[in-house]
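Here are a few friendly notes to read alongside the model.

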Amino acid sequence: MVKVELKKVIEFNTFLKGIEDNKLPISLAYKIFSIYEAIEPQVKFYYERLQLLIQNYGELDENGNYKTSKDGSQILLIPEKISQCEKELKELGDCMVELNMPLLNLEELSQVKDLNISLTEMSIIKPFIEK
């Protein structure tokens, strides 16, 4: 059982998505697939809540569409509601979740050909590695 902040689950999911096309030893591939299954409900919950925040705080244009940044990568928030949205987003990310999932170990990960990770990536996966 792993107890971790929801934002760590989301970061870990993003890391796993980055290696999902790597050729892995069968046992590690199975373990990572089991991890995906264990975290998927939490990831789904996070994105559903994020969508509600967008609905509540996203700024709409005259056609009822969300306004976006110039590059289109971000939805703009109603200026008067930014701090409330940020507060709720932080609360969402900080909520603790319990996951019944297998943990990775460094020996397994070191078997993956060409898997070199940064310190930032290590900080993301560390809560999900056996001590």
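1. Which residues have the most contacts inside the largest nonpolar core? They are Val9, Phe12, Leu16, Ile39, Leu99 and Met101, in a core of 28 residues. A core here is a set of buried (under 20% relative accessible area, 1.4 Å probe, protein chains only) Ala, Val, Leu, Ile, Met, Phe, Trp, Tyr and Cys residues joined through side-chain atoms within 4.5 Å. At least two residues each come from strand 1 (2-5), helix 1 (6-19), helix 2, strand 2 (96-99) and helix 5 (119-125). Helix 2 gives the most, with eight residues. Helices (H or I, at least four residues) and strands (E, at least two) are DSSP runs, numbered from the N terminus.

2. Please bear in mind that this is a predicted model: local features need pLDDT of at least 70, side-chain atom pairs pLDDT 80 or more, while totals for chains, interfaces and linings use all residues. Residues are numbered from 1 along each chain as its sequence is written, and side-chain values use heavy atoms, without hydrogens and water.

3. Ile39 is worth a look: beyond its neighbours within four places in sequence, it is in contact (heavy atoms within 4.5 Å) with Val9, Phe12, Asn13, Leu16, Leu99 and Met101.

4. Now to the loop between helix 2 (26-57) and helix 3 (82-94), where Ser69 is found. Ser69 counts as buried because its relative accessibility is 17%. Not counting residues up to four places away in sequence, Ser69 touches Gln74 and Leu76.

5. Leu60 is found in the loop between helix 2 and helix 3 too. With a relative accessible area of 45%, Leu60 is partly exposed.

Conventions. Buried means under 20% relative accessible area, exposed over 50%, partly exposed in between (1.4 Å probe, protein chains only).
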